[in-house]
Amino acid sequence: MSTFDAVADIIAETCNIERDKIKPESNVIDDLNIDSLDFLDVTFAIDHKFGIKLPVERWTEEIGEGKAKVEDYFVLGNLVVAIDRLVEAKKAAG
Amino acid sequence: MRLEYFEMIDRVVAYDEAGRTIRCESKIPQTSPVFEGHFPGHPLVPGVLLIETMAQASGYLALGLNQFAKMPFLAGVREAKMRTFTPPGAPIVVSATLEHEGSGYVVTRAQIETEGKRVCDGELMFRILPFPSEEFSAMMRAQAVRLGMQTSP
């Protein structure tokens, strides 16, 4: 199963969203209307499934400070890339 | 323990930073306005207050682990089970273990026992946010000290 499929399944189940509506170009806030509490559950499920710690606080700070755009982290295709990088970094760290 | 003031923890008897666990004790009061309604003639601690009790123990655990730098606010409860009744006067032991520390949130697993018997358990999620004020932070530290918990490294 690809990282995208795994994340899409998590979102569909956690947020009660039809799986077919979840696409790589979906913005979790604007397109999927996931609120912060549901995204907390999604984050926990992703952390748990991939054995990582999504740095959501840092991402939010970067967006607040204008160093990043919302879509850099909260469009699913980009979120999946970030997850893959975190998984690779964890593997490299041993 | 004063149910009507949401003072659910009498004392912290063990806080293990390395093991990421906490154990607290309380005694359910013999009388409380809560029992007048829940239930007339058959007083029982409401399940929602047992969940609050687990949340407070978990909260002190989270506060200890972040050195009282940020405040845990209850955000979710999963798989909470009320396994038996808790009457007035019951001594309780509240335990919590950190399950996961995420970015801006933590998840704990907590339980309450009375005289060796499991009363309830559940998984609790907390947002970890800045204290809303210095006064709030100081109040939480003072409360933790009053309960017997060390608040500085």
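Predicted model: local features only at pLDDT ≥ 70, side-chain atom pairs only at ≥ 80, totals over all residues.
## A hairpin to start from

Glu101(B) faces Val106(B), a residue of strand 5 in chain B. That pair belongs to a hairpin made by strand 4 and strand 5 of chain B, with three residues between the two strands. Gly104(B) sits in the turn and has a positive phi of about 85°.

The scores that come with it are ipTM 0.90 and pTM 0.93. For chain B, the mean pLDDT is 96, with 98% of the residues at 70 or more.

## The next hairpin along

Strand 5 of chain B also takes part in a second hairpin, this time with strand 6 of chain B and with two residues between them. Ten bridges hold this antiparallel pair together, and Ala110(B) stands opposite Gly122(B) of strand 6.

Glu115(B) lies in the loop that links strand 5 to strand 6 of chain B. Is Glu115(B) buried or exposed? Glu115(B) counts as exposed because it has 9 C-beta neighbours inside 10 Å, and the cut-off for exposed is 12 or fewer.

## The whole sheet

As background, strands of a sheet pair through backbone hydrogen bonds, either parallel or antiparallel.

Met82(B) has Cys120(B) of strand 6 opposite it.

## Chain B as a whole

Chain B has three helices and six strands. Read from the N terminus, its elements go β-β-α-α-β-β-β-β-α. Take the contacts in chain B between residues at least 6 apart in sequence: 68% of them join residues at least 24 apart.

How does the radius of gyration of chain B look next to that of a compact globule? Chain B has 15 Å, and this agrees with the globule rule because a compact globule of 153 residues would have a value near 15 Å. The C-alpha trace spans about 45 × 30 × 25 Å along its principal axes. Of the 153 residues in chain B, 33% count as buried.

## A cis peptide and another positive phi

Backbone checks turn up a cis peptide bond going from His38(B) to Phe39(B), with omega near -5°. Phe39(B) is in the loop between helix 1 (33–37) and helix 2 of chain B.

Over in chain A, Asn33(A) has a phi near 55°, again a positive value in a residue other than glycine. Asn33(A) is placed in the loop between helix 1 (3–15) and helix 2 of chain A. Asn33(A) counts as exposed because it has 11 C-beta neighbours inside 10 Å, with 12 or fewer as the limit for that class.

## Where the chains meet

How many residues of chain A are in contact with chain B? Twelve are, and they meet ten residues of chain B. On the chain A side, helix 2 (36–50) and helix 3 (56–64) each supply at least two of the residues that touch chain B. Helix 2 of chain A gives the largest share, seven residues. By type, the chain A side splits into six nonpolar, two polar and four charged residues.

Terms used
Residues numbered from 1 in each chain as written. Chains lettered and ligands numbered in written order. Contact = placed C-beta atoms within 7 Å. Helix = DSSP H or I, 4+ residues; strand = E, 2+ residues; numbered from the N terminus. Nonpolar A, V, L, I, M, F, W, Y, C, P; charged D, E, K, R; others polar. Pairing = 2+ DSSP bridges. pLDDT = per-residue confidence, 0-100. Rg over C-alpha atoms; globule rule 2.2 N^0.38 Å. Buried ≥ 20, exposed ≤ 12 C-beta atoms within 10 Å, placed from the backbone.
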